[in-house]
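Here are some notes for you to read alongside the model. Have a look at the structure first, then go through the points.

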Amino acid sequence: MVTRSSGRVRAALAVLVVASMAALTGCGGSTDEAKDTAPGTREVATARGTVSVPADPKRIVVLNGALAGYLYDLDAPVAAADPRLLGVATPKGEFPQVWAADAKEQGTQVVPTGEDINLEFVAAQRPDLIIGGGQGFPAQQTLNAYDQLSAIAPTALMPATTTDWQDQLRYLADLVGRADKVDGLLANYRTKLAEVKSALEIPAGNTTLLQSAKGDKPVVFVPTAALPKLMAEVGFTLDTQVKAKAGNPQMPEAADYFSMSPELLNTVVDAPVTFVVTINGGRSLEQLRTDPLYAKLPSFTANKVYELPAISSRPDYRSVMSTLELLKDRFR
């Protein structure tokens, strides 16, 4: 497996070298001249230590779809992006609807997805910056392939512990040299949050957030994940003991939820309020109501269980704003 990956990287780098030489020859320049006119760099902290990145990147490849929306909001140039968003069904070769128009406008290419990152495709984009990390399976893929990606271009991985969308926005804005755009976006959010909070009637008691996914094991968002933190900002009281009640199960480095045995469901999800996020292939709230294990939960028996769309599961700036609007409509 290691030998195959190494071969693929060498091939990818060969493509880059040939393309770079051709470009220089066509311009009548030289490698020394290219070095002289190369843009400046900055040092940034990442999940794999300090990395030197372009001060003003021109061709960004983002390998976690949950991070791509931020880059469009920051007017950063995205050469290629992973199209996967947790739970969102997107036709093969297309981008999720939430930022598909931006991708089309910029001419962003769709990163092929699979069990491993397509290193040849990434290299063929001639990126000057690769962005990955964050949460979820795409994030784990970038963690696993970090050395190979770094051989192609400077690679910055957002730490898995950076789960708050505002922190993610600031991190990416600094990374791509767009920090000046952050204040305006956050001001819009604060205005929207104040508007929504003043209009909501929050159900009393603790709140737990479930993810309805494929498989039989119940899945619970940890309280530090992005969506629970957003709910807390709105005014819901989180059940912060869900993981402890589940016996503190092991979680992958880039995970923001845990799964558990169905027998533990009644012990862990005993809060009077529950939100269910149905992702692609999972059961809807109405389907869960027919399952005896769920039907006897306190929130289900009291009819204080609510559904949120998959796009809310790992909210960025755009989905935060749409989730706030949804909450305002549902709880006023």
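The points below go from the whole chain to its pocket, its cavities and a few residues.

1. Ground rules first. This is a predicted model, where local features need pLDDT of at least 70 and side-chain atom pairs count only at pLDDT 80 or more, while totals for chains, interfaces and linings use all residues. Numbering runs from 1 along each chain as its sequence is written, and side-chain values use heavy atoms, with hydrogens and water left out.

2. The overall picture: the chain has 16 helices and 13 strands, taken as DSSP runs (H or I, at least four residues, for helices; E, at least two, for strands) numbered from the N terminus. Of the 332 residues, 48% are buried (under 20% relative accessible area; exposed is over 50%, partly exposed in between, with a 1.4 Å probe and protein chains only).

3. The largest pocket holds about 1000 Å³ of space. Its lining counts 47 residues, and Arg84, Leu85, Leu86, Phe137 and Pro138 are the closest to the centre. Helices H3 (65–73), H4 (97–106) and H6 (137–144) and strand E11 (257–259) each give two or more residues to this lining. By class it splits into 24 nonpolar, 16 polar and seven charged (nonpolar is Ala, Val, Leu, Ile, Met, Phe, Trp, Tyr, Cys and Pro; charged is Asp, Glu, Lys and Arg; the others, Gly among them, are polar).

4. Points are joined across faces, edges and corners, and a volume is the space filled by probe spheres set on them.

5. How many cavities of 30 Å³ or more does the search find? There are five in the whole structure. The largest has a volume of about 90 Å³, and its lining includes Asn64, Gln168, Asp256 and Arg314. H3 gives the most to that lining, with three residues. The second largest cavity has about 80 Å³, and strand E8 (residues 206–212) supplies the largest share of its lining, three residues. Three charged residues line this second cavity, among them Asp216, Lys217 and Arg283.

6. At its start, a side-chain oxygen of Asn64 comes within 3.0 Å of the backbone nitrogen of Ala66. After the helix comes Asp75, with a positive phi near 60°.

7. Val98 is in H4 and counts as partly exposed because its relative accessibility is 30%. Beyond its neighbours within four places in sequence, Val98 contacts Leu85, Ile311 and Arg318; Arg318 is 220 residues away in sequence, yet the C-alpha to C-alpha distance is 7.9 Å. Lys192, in helix H9 (residues 182–199), is buried at 15% relative accessible area. Not counting residues up to four places away, Lys192 touches Met321, Leu324, Glu325 and Lys328.

How values were computed: 1 Å grid on protein atoms, 1.4 Å probe; cavity = no way out; pocket = protein on both sides within 12 Å on 5 of 7 lines; lining within 4 Å. Contact = heavy atoms within 4.5 Å. Polar contact = N/O pair within 3.5 Å; in protein donor to acceptor, adjacent residues only side chain to side chain.
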